[in-house]
Structure formats: C-alpha cells, structure tokens
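Here is a friendly walk through one protein model, from charged pairs to packed helices and a few residues in loops. Please keep the sequence and the 3D view at hand as you read.

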Amino acid sequence: MINNTQAFILAYNKYKTSSIIASFLTKNSIIDAICYKAKKDSKAFGSDFETVSKIQISLYQKKQPNLSILKESSIIKNYNLLEKSIYSSLAVFYIREVLLYSAKDFDERYFILMEKILNALEKLEEEKLLLNENDLLKNYINILLRAFEMKVLYIAGISPQLDSCILCSNRNADFYSITEGGIICDNCKISSKDAIKLEKGDIDFMRIIKKTSLIDIAQNKELNNFYINSITNVRDIMNKSLFNHLNKNFKSLKVLEEVLFN
Ligand SMILES: [Zn+2]
C-alpha cells in the first residue's frame, strides 16, 4: 500500500553504503522507513533529511509494517533560519530526540506540537534579526523548550497539576513533587521524597507556559523580564518530570545547554 503523508524527520542513520533508515513523525505515528538510493553518488534522494523541514513523503507500507520503503520526498516548508542558528538547530535536535521517545502513542497532537515549536523558534529568529539580541534569543529558547516539555507531558496525560496541592487540595502549596506530578503543600511535603521548594513566581510562570500557545510565548515581550528568576527552577522541574515520564536522559539537551548557558 502506498501512503502519502506529511512528515517531520526525527532521526536518520546510514544503512549499508548508500541507504538511509529514517524515523518520520507523521500525523498518525512514527514511521520507520528505508530510503534506498538509486546510485551511490545520487545526492537528490535523502538530502531533504539533512534540513529542518516539513516534508511530503510517499511510502510503501507492507501489511506487517515494521519497515516501510520511502518512494519519494519533497520539502513543503523549509526552516532555513533555524538551520543557520547554532542555538535553534541544537534546540531542534533536542525536540526531535524528545519526540522520538514520546510520540510513540498514536496521537496527532505530537505532529501539531512539532510544527508549532518550529514556527515559534522561527518567529524568535526573525525577531532576533531585527533586534540583533543573542542573549534574549537564548532566554526565549530556554523558555520555549520548557513550554514544549510541558505540552509533551500534557499530551501524555500527565500535565503538571498547578491549581492546588495535588494530594489534599490545599490552595497554599509552595512545593513541587515530580512523582506526584504537581504542587504540594507544607503538610503533604512531609510524606513526599522529592519535594522541590518553589520560589515566588515559579507557579505563575509554570501556569503561563502551560496555558499559553508557543507562538504567543515567542511574541510575549514581558515574559523574560517577569520570570527571569523562575526559569532555572522550572527548567529543573520540567527536565526531571520528563525523565520521570520517559526514563531517559537526552544527550542533545546536554549539548544544547552547554552552548546556551556559556
Ligand atoms: Zn497537601
């Protein structure tokens, strides 16, 4: 069966001398496909995978779809500004790695999330061209990635509970528990092994990135000023929450953070 679909590339590896095995994020799920090259020196086939792009692919899927065969691919939208930016291209590596492990559920929202985070990063890069502000760009990438992680957890059905203590509903809750997946109060923290103390502004910041669309975050000029003191704590909470969900440390995150915070 031939399947024509839109896709984002999540990972690809060389296979034998001239072929590639690629993982595509589609609206249905992640599809692994082998891409045979017609000739060894043929550049055309598979070169789309080295770009940051939304692509159209045509796949031959077998009845037992372990590995599909890529017949054709073409670029629908190329995120050229992200490819040129060291920060955004490393952010894309991290986003791809997270989705490679989390988007295994059959859920169209991962595909939509991928498109939205790329559009938001592109917006940041466009504004950076106008302002020539590298530090601001780095801060906003940091904020956007925390929002991205929040939305991955939301799709997985484990969105952080931020309204009241997740254990007793006490409105006065200044701690966060990764294993409980939400804020907890002073009393409940006694029985919790992983209570993280929240500073003023942390909960508000998490509520905002939970509820605000990625493109609005990218365009909100005040976010950086208001929540500059909360981002480190929230980053720690989101990274630990994602680890708790996927049980995986991301190499790409380590590389990104070395570049972003130095
Ligand atoms: Zn409580």
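Which residue forms a salt bridge with aspartate 186, and how far apart are the closest N and O atoms? The partner is lysine 189, and the closest N and O atoms are 4.0 Å apart. A salt bridge here is a side-chain nitrogen of Lys or Arg within 4 Å of a carboxyl oxygen of Asp or Glu. Lysine 189 is partly exposed, at 31% relative accessibility; buried means under 20% relative accessible area, exposed over 50%, and partly exposed in between, with a 1.4 Å probe and protein chains only.

A word on the ground rules before going further. This is a predicted model, in which local features need pLDDT of at least 70 and side-chain atom pairs count only at pLDDT 80 or more, while totals for chains, interfaces and linings use all residues. Residues are numbered from 1 along each chain as its sequence is written, and side-chain values use heavy atoms, with hydrogens and water left out.

**Charged pairs**

Side chains of opposite charge can pair when their charged atoms come close.

| Glutamate 115 | Lysine 54 | 2.8 Å |

Take the salt bridge between glutamate 115 and lysine 54. This pair links distant parts of the chain, with glutamate 115 in helix α3 (residues 109–131) and lysine 54 in strand β4 (residues 53–60), 61 residues apart. Helices (H or I, at least four residues) and strands (E, at least two) are DSSP runs, numbered from the N terminus. Glutamate 115 is partly exposed at 22% relative accessible area, whereas lysine 54 is buried at 10%.

Aspartate 236 and lysine 240 sit together in helix α8 (residues 231–246), four residues apart, or about one turn of the helix. Aspartate 236 is partly exposed, with a relative accessible area of 29%, and lysine 240 is partly exposed too, at 40%.

Two packed helices are described by the angle between their axes and the distance between the axes. Axes are lines fitted to C-alpha atoms, for helices over the stretch in contact, and angles run from 0 to 180 degrees between N-to-C directions.

Look at helix α2 (residues 86–102) beside helix α9 (residues 251–260): their axes come within 8 Å and cross at roughly 160°. That makes α2 roughly antiparallel to α9, a label for angles over 145 degrees, with under 35 counting as roughly parallel, 65 to 115 as roughly perpendicular and the rest as oblique.

The contact includes Ala91, Ile95 and Leu99 from α2, and Met114, Ile117 and Leu121 from α3.

Isoleucine 95 lies in helix α2 and is buried, with a relative accessible area of 0%. Leaving aside neighbours within four places in sequence, isoleucine 95 is in contact with Met114, Ile117, Leu121, Leu145 and Phe148.

**Loop residues**

Asparagine 247 lies in the loop between α8 and α9 and is exposed at 61%.

Glutamine 61 is in the loop between β4 and β5 (68–78), yet counts as buried at 14% relative accessibility. Not counting residues up to four places away in sequence, glutamine 61 touches Met1, Asn3, Ile31 and Ser68.

**Cysteines**

How many disulfides does a search of the whole structure find? The search finds zero, a disulfide being a pair of cysteine sulfur atoms within 2.5 Å. Cysteine 165 is buried at 2% relative accessibility, while cysteine 168 is partly exposed at 40%.

Technical notes. Contact = heavy atoms within 4.5 Å.
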